[in-house]
Amino acid sequence: MAHEHTADHDHVHGEHDHGPAHGWRRWVYATNHKDIGTMYLIFACTMFFVGGLMAMIIRAELFKPGLQLVDPQFFNSMTSMHALVMIFGAVMPAWTGLANWMIPMQVGAPDMALPRLNNFSFWILPFAFTLLLSSLFVPGGGPAGGWTMYPPLSLQAGDSLPLTIFAIHLMGASSILGSINVVVTIMNMRAPGVGLLNMSLFCWTWLITAYLLIATMPVLAGAVTMLLTDHFFGTSFFSAAGGGDPVMFQHIFWFFGHPEVYILILPAFGIVSEVIPTFSRKPLFGYDAMVYATAAIAFLSFIVWAHHMFTVGMPLAGQLFFTLSTMMISIPTGVKVFNWTATMWKGSLSFETPMLFALSFLFLFTIGGFSGLMLAVVPADFQYHDTYFVVAHFHYVLVPGAVFAIMAGVYYWLPKWTGHMYDEKLGKLHFWLSTIFVNVLFFPQHFLGLAGMPRRIPDYSTQFADWNMVSSIGAFGFGLSQLLFPYIIWKCVKAGQRAEARSWEGAHGLEWELTSPPPYHSWSDPPSREVIAKGAQH
Amino acid sequence: MSFHMKNRHARRGLQAAAFPLFALLASVAHADWGGLNMPEGVTVLSKKIYSLHMLILWVCVILAVVVFGVMIYSIIKFRKSQGAQPDKTLVHSTKVEIVWTVIPIAILVFMAVPIARTLIEIEDMGDVNLNIKVTGYQWKWEYEYLGQNVSFFSTLKRDSNAARQLGSGIDPKSVEHYLLDVDNHLVVPAGQKIRFLLTAQDVIHAWWVPAFGMKKDAIPGYVNEIWVQVDADKVGTYRGQCAELCGRDHGFMPIVVDVLSPADFDKWLREKQAEKKLADVAPDAPAVTASTAPATLAQ
């Protein structure tokens, strides 16, 4: 029935659709949310492999004790760049790409609210990353002070410092513009009848993420600008010798940095909240609680920043405050995990690739949550801090967390985007290889950290040799199996079994009321109330 | 003997498998299974920190068993392929939701008490027997026994330094305590409360000996403090590393601490002071030594 309706809809309004421009103009002058979304996703995928290559260099050097491949300085610039590229180049643009594709379709709008701004926010990115990556080739090499750029160390950089800082300014500008677009679209472009409390959780989590971005990106910009003036204009914001304070940078940085962590993970919560109900054939358990939990996590993310820096020497009261506020985050996060579990309870589960990735997210993100809870215990954090335990923790929440959720989202919506089903067998192969190798890669890092291996070292004492070798093997396996991902997508774009409008039996939401692939201007007429009612069964 | 035979069989099978798989299994088999957990350490604080670590670890393990148990049960029990019918009315339950909000709050409160108690103890810098100032440099440590007229630098030992060069051709396994050995060890007495005053000359470093349970940043322009009291019977050598990225050779500025009995420590300190006296031209050096040396003997 949904099929008939959308076909009908398309027929009546088909003539209003002027298709995309041809050739390069379609992409350079793009104002269509789908074209821009596609460019974001291709960009993110490219950066995922660039950052991945850096990770391979890191793990190859750490394969066994002794320095075999790279100079320590280059190793440091690899760890720093890997983080910057993966966070700002892979995960964040992937979220914006998914937001571009899905938000207009999910709220019943023809496009994003600000299409030219949308074009601008995307096209900033290639320039930002050209600047960032070119810093590897300037005198002094790439930024090697960690992605956290703590002074005074980061100020020892050569010509890479201004390049990195301007790249970060550009990325920040791009994120802020993209976020403004998301906020305006969700607030103003919802079709009549799409209420705030019946829109999809992906829209909700992105709305909150957008506010986090708008609030924190300027803080990061301020921090790096102070680095710039300290280096070139003789200020002493962070120089103790000039009356400044090197620890102040860490406070400012993490005031941005902690909300940033949730910027990377909240949209993942949104996707998992769409995928699990679909393949459980049952509405999401506790929709309202999910929305409130997301908002609570976002609020708490602003008052926990100093847990990244317990070892700088804080007053007792400060340590107690930040340990308690950090542990409080486990309450709304727990609510989310319990709600997803309850959604599966008494459902009718099937295990297509998106569901497999979502389930992997559920288990492995929870493991990352547990190690996060451990890290919140300040006295124990004095041992964990700056070791591989921390590396294991944040990779568990970012790789099987954020990245697996992106993959779940891509597999989930690919049939909608392309009109073809992807190759399910290859998708499952991709899933199993990824899930097995990600654990081989990151789980032993918990042991390394507890046994006393600091992070960010290019070489280590022989007692750490065994688990480093295991971890490196996991890394190579994980890296290689990711090559399947673009291949599967490419194959699906080219050909495949025709996808229906509602590509998954249990799928709900307005995007499934459109044809697959959807019309160029998604909802040129707002959906009727009965269509919305059908789509709104969470 | 049959065990050996089996082993040979297994090995032949593995050789047939792909190399990465073989390397993976081999390294898992050879892994040091004793080194999976945090060491309990040898100080008053490190044991408390270790027990907090074990407490939160078990809390997490129990939660994981419950949560993952329910997830796995759902995945097995409610499969469409087994004919499961969805119960679409199950979308909300205030009772259940209150329960799973209150339980984490209770755990939080339960954890907060021992955390606060341990933190208060960590921050208690009273009744110190010995003060040692630790200064981080790119890339070495300087130790100064405050008021004792003894200070020295501590850098990576030569054999480690030679082996760690890119393409040195020296097998790290042939070097004793590879990357965890220094020319001049820090020496401290067992059973006494020692305060370390941490600072840095150039960039931020962090001083960390895992067996002592603590790390803290050494920051230019700041003086941070930690205290350490090694158990009287834990005389021995303990090793650690810089834990805050401090540039190119961050991985190559280890820490080695010899813990001696108080009597041996005083002997060592007096020898060091005598060496220093010979080297020093300053006329007032002996007076300082004489008046402050006995202070460490008290207790």
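A: The account below starts at the interface, moves on to pockets and cavities, and ends with the backbone.

This is a predicted model. Local features are described where pLDDT is at least 70.

**The interface**

Chain B puts 95 residues in contact with 96 residues of chain A. The size of an interface is often given as the accessible area lost when the parts come together. Here the area buried between chain B and chain A is about 8,300 Å². Carbon and sulfur atoms give 72% of that area.

Polar pairing is also present. The rule finds 22 residue pairs in polar contact across the interface of chain B and chain A, both partners being at pLDDT 80 or more. Several elements of chain B give two or more residues to the side that touches chain A: the helices α2 (19-30), α3 (44-77) and α4 (94-122), and the strands β7 (214-218) and β9 (236-242). The largest share comes from α3(B), with 16 residues. By class, this side of chain B divides into 57 nonpolar, 22 polar and 16 charged residues.

Salt bridges between chain B and chain A number 2. One salt bridge joins B:Arg248 to A:Asp71. Its closest N and O atoms are 2.5 Å apart. Side chains of opposite charge can pair when their charged atoms come close.

**Salt bridges beyond the interface**

Over all chains, the search finds 17 salt bridges. Among them is the pair of A:Lys491 and A:Asp423, at 2.6 Å from N to O. This pair ties together distant parts of the chain, the two residues being 68 residues apart. A:Lys491 belongs to helix α16 of chain A. A:Asp423 sits in the loop between α13 and α14 (424-451) of chain A.

**The second largest pocket**

The most comes from α3(A), which gives 8 residues. The lining of the second largest pocket is made up of 26 nonpolar, 2 polar and 3 charged residues.

**The cavities**

The whole structure has 6 cavities of 30 Å³ or more. The largest cavity has a volume of about 140 Å³. It is lined by 15 residues, and A:Met92, A:Pro93, A:Thr96, A:Ser175 and A:Leu213 are the closest to its centre. The lining of the largest cavity divides into 10 nonpolar and 5 polar residues, with no charged ones.

The second largest cavity holds about 60 Å³ of space. Its lining includes A:Pro143, A:Ala144, A:Gly145, A:Gly146 and A:Met149. A:Ser154, A:Ala157, A:Ser160, A:Leu161 and A:Thr164 line it as well. By class, the lining has 5 nonpolar and 5 polar residues, and no charged residues.

**Backbone details**

Two cis peptide bonds deserve a look. In chain A, the bond from A:Pro151 to A:Pro152 is cis, with omega near 0 degrees. A:Pro152 is placed in the loop between α5 (115-134) and α6 of chain A.

In chain B, the bond from B:Gln138 to B:Trp139 is cis, with omega near 0 degrees. B:Trp139 is found in the loop between β1 (130-137) and β2 (140-145) of chain B.

One phi angle also stands out. A:Arg281, a residue other than glycine, has a positive phi near 55 degrees. A:Arg281 lies in the loop between α8 (246-280) and α9 (287-300) of chain A.

How values were computed: Residues numbered from 1 in each chain as written. Chains lettered and ligands numbered in written order. Heavy atoms only, no water. Helix = DSSP H or I, 4+ residues; strand = E, 2+ residues; numbered from the N terminus. Nonpolar A, V, L, I, M, F, W, Y, C, P; charged D, E, K, R; others polar. 1 Å grid on protein atoms, 1.4 Å probe; cavity = no way out; pocket = protein on both sides within 12 Å on 5 of 7 lines; lining within 4 Å. Points joined across faces, edges and corners; volume = space filled by probe spheres on them. Contact = heavy atoms within 4.5 Å. Buried area = accessible area lost by both parts, 1.4 Å probe. Salt bridge = Lys/Arg side-chain N within 4 Å of Asp/Glu carboxyl O. Polar contact = N/O pair within 3.5 Å; in protein donor to acceptor, adjacent residues only side chain to side chain.
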